[in-house]
Amino acid sequence: MCGIVGYIGDKNVYPILIGGLQRLEYRGYDSAGIAIFNEDLKVYKCKGKVSDLENYVASKDVHGTVGMGHTRWATHGEPNDTNAHPHTSMNGNFVLVHNGIIENYAEIKSDLIKKGIVFKTETDTEVLCNLIEFYYEKGENVSAELAVRMALSKIVGAYGIVVFCKNEPDKLIAARKGSPLVVGIGRGEYFLASDATPIVEYTDSMIYLNDEDVAIVSKDGLTLKTIQNDPVAFKVTKVDLSIGDLEKGNFEHFMLKEIFEQPKTIADTFRGRIKADQSDIVLGGLIDVFPKLLAADRIIIIGCGTSWHAALVGEYMIEEYARIPVEVEYASEFRYRKPILGEKDVVIAISQSGETADTLAALKMAKEMGATILGVCNVVGSSISRETDGGVYTHAGVEIGVASTKAFTAQVTVMIMLALKLAKEKGTIAPELYGSLIRDLAEVPGKVKSILVKHPHIKEIAEKYKDAVNALYLGRGYLFPVALEGALKLKEISYIHAEGYAAGEMKHGPIALVDTNLPVVVVAAKDSYYEKIVSNIQEVKARKGNIIAVVTEGDSHLKEMCNDVFEIPKSHPAIAPLLAIIPLQLFSYYIAVLRGCNVDQPRNLAKSVTVE
Ligand code: F6R
């Protein structure tokens, strides 16, 4: 969602801000703006892309060595020039960028209006900006920093903010609660950003702020304290991210690059965790909590979107092999539905970004209720990973395409390793099967490669179905989550309405949709459900639906029955999701490109949903 970048130092700030905003584009946004100080404060902002902002400021004065930039994903107030950030306070003393939602903004706003403060925008952010100015002007000897802390103590909600005060131009003030913010440390310069991507080309030394931290940065140094003014010790993290990771290279889109990276990213996920002789699995981040996992009455896996689909694979596998009851919950439901939780429960949050607001809040709630909480995150140092008692990083590398691809296969890889390790420690899996599943997992990267080389064929099939209005995706067992994920990929980037269903549910409703126009994508690899899914295919065929099936190589029977097939190599059913999703990712990608959609930044979507 919204992206923040800020800088104070000796460099010309404009290229840092614009370059940073370009790197933040992947998060999803509808308007962009910058504020630069050089004797006076200049604020430029507009609806649209960062390139629109660049055009807008082309003939303007952008000199200065301190400033902030923002990409806005609208929550309060429509996307337009006025509501774009940065926001200035009524008397122009403060300028501020904000990521998050201020829940009690209406109440504060009406109080401030009664005090004569005039608002220019419909945003919650302007309320915070004016509240800061109100405290600054009202008290005697109130510094900008004190005014910020006073205002934040009145705020209910989530924020990551950067604030500048015209009368104290030698500093930037940053704070976070619920929305991520990182401080990058340079030589005589500091960077502020909502994640590492916009500043990594300048520094790899970062401080991840914790909730209620306030950072005051100037050319001369950094002070970190709480909103209550207590000093905070900080930890500098070295971020392992290269510029190449943030660029498309020879690929047309980040999504395509990330799909093609999967042989490597899946291997990166299990590297060092599968023993060299493939006889065992070691999950270092879980060693301390493993006894709790083994003794758990129940494991609850929470997540949103694609991460929720990966959780479903985890549920099926842990229950089948480790025989521990598992529930999978949407984090957004779980946090509000008053679940029953106790000390014998283990809650695992799956999140690529590690910042999804609902997942983070659900996890905190589970912690308060006494459960052991674990994380499966991709972004190192993210809020969820720092909140948990233990966890596993997926090591998929930065994912920039809004549609999650390599993060999904990495999450599923972790679920498979976790299920197998639990099963082994519980003694619920035969040693031979344990060993052979590990070997199967080790073979996945090679098999994924063999699917990727067939991309021209997948593109041809995409051409046939690109004008579809609806699509139905069906799967059973381990391939049911793949059907859900395939449908999600298609709808989010091509805007074709797509439904994922458990194939057995088809006769309970979705079959009514089947006609000559409906593409029905059936994930039908050879497993114990095969005969049943073949019957489902017959049922669709009898109603003249167009069937595109993901089948196991050499399945001539389904090849004859279906209109089109994507073949995947033979594998154990529990491993098959890692293979079956690949052609479906490519299918959605090509359809979206053929329809002229913005694949990496689909409309209305944000990469990391940091507000609920
Ligand atoms: C879909 C997609 C989203 C995310 C969801 C959770 O392609 O990317 O559905 O999976 O927003 O995000 P994380 O995993 O960051 O918690």
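The lining of the largest cavity divides into five nonpolar, eight polar and two charged residues. Here Ala, Val, Leu, Ile, Met, Phe, Trp, Tyr, Cys and Pro count as nonpolar, Asp, Glu, Lys and Arg as charged, and the others, Gly among them, as polar. This is a predicted model: local features need pLDDT of at least 70, side-chain atom pairs count only at pLDDT 80 or more, and totals for chains, interfaces and linings use all residues. Residues are numbered from 1 along each chain as its sequence is written, and side-chain values use heavy atoms, with hydrogens and water left out.

**Cavities**

- A search of the whole structure finds three cavities of 30 Å³ or more.
- A cavity is a set of points on a 1 Å grid over the protein atoms alone where a 1.4 Å probe fits but cannot get out; lining residues have an atom within 4 Å of a point.
- A volume is the space filled by probe spheres set on the points.

**The largest cavity**

- Its volume is about 90 Å³.
- The lining has 15 residues, and Cys-2, Trp-73, Thr-75, His-85 and Gly-100 lie nearest the centre.
- Strand 6 (94-99) and helix 4 (124-138) each supply at least two lining residues.
- Helices (H or I, at least four residues) and strands (E, at least two) are DSSP runs, numbered from the N terminus.

**The second largest cavity**

- This cavity holds about 50 Å³ of space.
- Its lining includes Leu-286, Ile-348, Val-376 and Leu-418.
- Two or more lining residues come from each of strand 18 (372-377), strand 19 (390-393) and helix 13 (406-426).
- Strand 18 gives the most, with three residues.
- Eight lining residues are nonpolar, two are polar and none is charged.

**Helix 7**

- Eight of the nine residues of helix 7 (262-270) are buried, so the helix is largely enclosed by the rest of the structure.
- Buried means under 20% relative accessible area (1.4 Å probe, protein chains only).
- Among the buried residues are Gln-262, Asp-268 and Phe-270.
- The buried residues pack against helix 6 (254-260), helix 13, helix 14 (431-452) and helix 19 (576-594); contact means heavy atoms within 4.5 Å.
- Just after helix 7, Gly-272 takes a positive phi of about 80 degrees.

**Helix 1**

- Helix 1 (13-24) has 12 residues and reaches 16 Å from its first C-alpha to its last, close to the 16 Å expected at 1.5 Å a residue.
- The expected span is 1.5 Å times one less than the number of residues.
- Nine of the 12 residues are buried, including Tyr-14 and Arg-23.

Technical notes:
1 Å grid on protein atoms, 1.4 Å probe; cavity = no way out; pocket = protein on both sides within 12 Å on 5 of 7 lines; lining within 4 Å. Buried < 20%, exposed > 50% of the residue type's maximum accessible area, 1.4 Å probe, protein only.
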